[in-house]
Amino acid sequence: MSNAAVRMDNVSVYYGQTPALTDVCLEVQSGEYLGIIGPNGGGKSTLLKAILGLVKISGGSVEVFGRPVKSGISGIGYVPQFADMDKNTPISVREVVLTGRLRPGINPFFRFSKEDEEFSCSLIDKVGLSHLKNRRIRELSGGEYQRMLIARALATNPGLLLLDEPTASVDAAARVQIYELLEELNKSMTIILVTHDLLAISSHVHRLACLNRTLVYHGEPEFNEDVVNGLYGCPVDLIAHGVPHRVLREHGEDVKE
Amino acid sequence: MIRALFKYSFLQNALLSGILASIVCGIIGVIIVEKKLVMMSGGIAHTSYGGVGLGYLLGFEPIIGAFAFAVCAALGIGYIKRKGGAHSDLIIGLFWSAGMALGILFIAMMPGYPPDLSSYLFGNILSVTRANLHLISVLTFIVLFAVVCLYNYWKAYIFDSEFMTILGVRTGFLEYLLLFLVAITVVVLIRVVGIVLVIALLTAPAATAGLLTSGLRSRIVYSVLFGAFFCIAGLFISYELEIASGASIVVLSAMCYAAVYAAQNILSRRKTGKCVK
């Protein structure tokens, strides 16, 4: 038995007639820190939602920790895209993180236990927001908001953390903080990160995959100029951080075999 | 009016129904304002006019017809929205106008003189009967119970329902339940402010509370208090000046919102002005 955290086999997702993902094959080992890059509309968010079981897949199969995916399985923490979130809800940081402790199903008169409260507080400390614990979310900066969402995802006690553009709309200092936090978290969990942030991702993630509707990835970065140019439709500067370090050629440089 | 209140049971009914209405509209109003379901509530309210018409045509209590139509509209809109078949504002628009049209059709089919429907359209809190009051009490209790009993779920649902789906919480159930509660609220409010003005009483107290406080629980409490104030003061105005209660309540609440908004703007401008100096 392999210890794959995520295994996707020929997964396709359609929104109506429009394909968002076609024949995606992806295998992510436990403990890995994978970055997924790709153009807008390339299906990056959809890929995460397919892993979470939030979108209906029209073909293929998704397994998380060896079990077929359906919503409500424990073990996946999700940090959604900042832009899609409501920033004016009358709710405090502590209350948001606590929502990660809700149990499956619906229990009338459900109240959070003392352990839930303490666990949430420890997570707020962990992401460095203890001074903002009772702050309303509309008073947070972009970086603080993101770290709150990470704490909420951690409240579910996940073995796998999925992040959708965690450094979008975040300033440089906060970006560094978030990447440091993720590196720390990676010691105890698998992380899949979707981003536009090419430069930062190359210096932090262990492996990179590139998604534009389709993706084939089996652990080793299979990166070359043709793949990247094909995906983005134009040359892109990239540093691949595999083993060993590999730097893609400058644009226009001849291929010498 | 205080003396009259002890004397006339219709005034007591009016006062009680006003207070009950402010409880439901305070609670549900805050949720729908946060979830941006105001127009959907308007759609549900107007669809219920069809039920009023059907009640008159077939000779049963129109408010029961309104209740049935409101629930069907809520579940129908929710179902189509969930299926993702069409944009929700499109469905709301269709339900809205089709419900009104059905009401007009049913009334036109009635033999004899058409009844006066203005109390359903614009509300007449002074005409609330004992039976109406019983119905309103039961519905208020249902709303109160559903919200208190699932309070932590509602809080999470308002912030991010997708995340709850991932956790395995049955958000579909919550979504339909919320629409059902909106339908109930609409029926409670119809007697007080009428179909056309329901949206005002759902939004004005919640919006005014939103200007003043930023916690969910305190926002609900403020909203209920504002609602009660609008209803009672509006009732008083309506009784003294002999104008439609719905109109006086709604105009009063809109004016209060505007006043609070303006006062807050002036205060904050003065504060920032001081900082600049």
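Predicted model: local features only at pLDDT ≥ 70, side-chain atom pairs only at ≥ 80, totals over all residues.
The crossing of the two is right-handed. On the α3(B) side, the contact is made by B:V38, B:S41, B:G42 and B:A45. Facing them from α11(B) are B:V198, B:I199, B:L202 and B:T203. By class, this contact holds 5 nonpolar and 3 polar residues, and no charged ones.

Let me now step back to chain B as a whole. Its secondary structure comes to 13 helices and 0 strands, so that a reading along the sequence gives α-α-α-α-α-α-α-α-α-α-α-α-α. The radius of gyration of chain B is 19 Å, close to the 19 Å that the globule rule gives for 277 residues, and chain B is therefore as compact as a globular protein of that length. Taken along the principal axes, the C-alpha atoms of chain B fill a box of roughly 70 × 55 × 30 Å. Of its 277 residues, 51% count as buried. As for the contacts in chain B between residues at least 6 apart in sequence, 76% of them join residues at least 24 apart.

I turn next to the place where the two chains meet. Here 24 residues of chain B are in contact with 26 residues of chain A. Which elements of chain B give two or more residues to the side that touches chain A? They are α8 (151-159), α9 (161-167) and α12 (216-241) of chain B. By class, that side of chain B has 13 nonpolar, 5 polar and 6 charged residues.

Helix α4 (residues 142-154) and helix α5 (residues 172-185) of chain A pack with their axes 9 Å apart, at an angle of about 15 degrees. Since angles under 35 degrees count as roughly parallel, α4(A) and α5(A) are roughly parallel to each other. The crossing in which α4(A) passes α5(A) is right-handed. From α4(A), the residues A:G142, A:G143, A:Q146, A:R147 and A:I150 meet A:A174, A:Q177, A:I178 and A:L181 of α5(A). This contact has 4 nonpolar, 4 polar and 1 charged residues.

A:D23 is not a glycine, although its phi is positive, at about 50 degrees. The residue lies in strand β2 (residues 18-29) of chain A. Is A:D23 buried, partly exposed or exposed? There are 16 other C-beta atoms within 10 Å, and A:D23 is therefore partly exposed.

The second residue is B:E242, which has a positive phi of about 55 degrees and is likewise not a glycine. Where does B:E242 lie? Its place is in the loop between α12 and α13 (245-276) of chain B.

Methods: Residues numbered from 1 in each chain as written. Chains lettered and ligands numbered in written order. Contact = placed C-beta atoms within 7 Å. Helix = DSSP H or I, 4+ residues; strand = E, 2+ residues; numbered from the N terminus. Nonpolar A, V, L, I, M, F, W, Y, C, P; charged D, E, K, R; others polar. Rg over C-alpha atoms; globule rule 2.2 N^0.38 Å. Buried ≥ 20, exposed ≤ 12 C-beta atoms within 10 Å, placed from the backbone. Left-handed = near helix turned anticlockwise from the far one by under 90°. Axes fitted to C-alpha atoms, helices over the stretch in contact; angles between N-to-C directions. Parallel < 35°, antiparallel > 145°, perpendicular 65-115°, else oblique.
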